[in-house]
Amino acid sequence: MANKQFDVIVIGGGPGGYIAAIRAAQLGFNVACIDEWKNAKGGPAPGGTCTNVGCIPSKALLQSSEHFDQAGHHFAEHGIKVEGLGLDLDKMLARKDQVVKQNNDGILYLFKKNKITFFHGRGSFVKAGEAGYEIKVAGAAEESIDGKHIIVATGSNARALPGAPFDEENILSNDGALRIGAVPKRLGLIGSGVIGLEMGSVWRRLGAEVTVLEALPTFLGAVDEQIAKEAKKAFDKQKLKIELGVKVGEIKSSKKGVSVAWTNAKGEAQTLEVDKLIVSIGRVPNTIGLNAEAVGLKLDERGAIAVDDDCKTSLPNVWAIGDVVRGPMLAHKAEEEGVAVAERIAGQHGHVNFNTVPWVIYTNPEIAWVGQTEQQLKAAGRAYKAGTFPFLANGRARALGDTTGMVKFLADAATDEILGVHIVGPQASELISEAVVAMEFKASAEDIARICHAHPSLSEATKEAALAVDKRTLNF
């Protein structure tokens, strides 16, 4: 029997893959999407790391733990008395699982709506043929399908520490960090990456004593230095213990917990005893089992799939997007690439601008930025002007009872074009969108300063920071 034929086959149903499949279907192609993620019952759970063990469940737990923290420490100042506050962790985790399921089900519905054929299993290359490529789907049953265009969207996996593999009981990746069954008394984190800080925040709010061991001498090296310092002040206040410039040695796991030998920045030997250890030292592209070698698909030195600026691989009509290729490992970057590739297959001009991809860390305070940092502009020798405005002087932030942080604008000294916007404070993840739009349209700081912002709103801090570039803030 002949294999089923498709115009486009997408391998991977994460944010890059499922969005690529939907856009390709919208453009009139006959599309298949293969994804192997299983739920607890063994059924399909599309959405990739983001939906299952990343962005979505972590935000659900961040929200729940934030409510708990507010009830325990901040409601009193609003005149709300809480007596006998308790934690039902099982219910909190069940709610998180429900949020994940709603997202999984939503993607399956979108596949049906857009007439995309979904295959539950692992997709891999078999061979190239006249009509395109033969792809094997290894699921409950095994079958082969043929596709003219292939989009590889297989994502990434958590990087393990050498000599300390993840057991998801004591030594945890992002997956295990989301499923801790009881609040650990002491929690260790290796790496102050985004995932680590978010998970550390969750368990700290729920009562864990959290210690972060970071190899780099600076905190949040990718973040604008002034913003990172402001965030560190807030984390120190929350008693999140952050050790910088450390060298991690031997890690021993036992029934009692985990023992980490480490050396501090002064070179002194230390030992950290914790109940659970989360390792958050980055992610590696996931090409295991793809059988890339069968068709001669080229990988780069990191094991990522080698692509050009248009996400074309070394093979004709084979594309790759998201975490499995170069560029930032962000769900929304994968989505943008998925849309762009589907449009390129249709002969259109898909577009992704890496300089206007926003970054967010969903801690409290939130940290968000787009464009270049002050350090990057200095290193490039670019003449710039900077303007900052603190949430301390923002009426809505005062009413919220959260005045931590600031908005910072960086603009070209001669043209006033916005080169970067950096925010630490309440709702930074939502506020950054205005900056992304402004930069995409090559706006100047003056343009934002001249736009009317609703009062009272947190977004007024954005306007004021833009005014600060010209040293004319109105409320500070």
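How much area do domain 1 and domain 3 bury between them? The value is about 540 Å², with 63% of it on carbon and sulfur atoms; buried area is the accessible area (1.4 Å probe) that two parts lose on being put together, summed over both.

## Basis

This is a predicted model, in which local features need pLDDT of at least 70, side-chain atom pairs count only at pLDDT 80 or more, and totals for chains, interfaces and linings use all residues. Residues are numbered from 1 along each chain as its sequence is written, and side-chain values use heavy atoms, with hydrogens and water left out.

## Overall form

The protein has 13 helices and 21 strands, taken as DSSP runs (helices H or I, at least four residues; strands E, at least two) numbered from the N terminus. Along its principal axes the C-alpha trace spans about 70 × 60 × 45 Å.

The assignment, from an automatic or database source, gives domain 1 (4-155 + 286-346), domain 2 (159-281) and domain 3 (358-470).

## Domain 1 against domain 3

The C-alpha centres of domain 1 and domain 3 are 31 Å apart. Their contact (heavy atoms within 4.5 Å) involves 7 residues of domain 1 and 6 residues of domain 3. On the domain 1 side, Lys 59, Leu 330 and His 332 lose the most area to domain 3, together 49% of what that side buries.

Helix H3 (residues 55-73) supplies 3 residues, the largest share of the side of domain 1 that touches domain 3.
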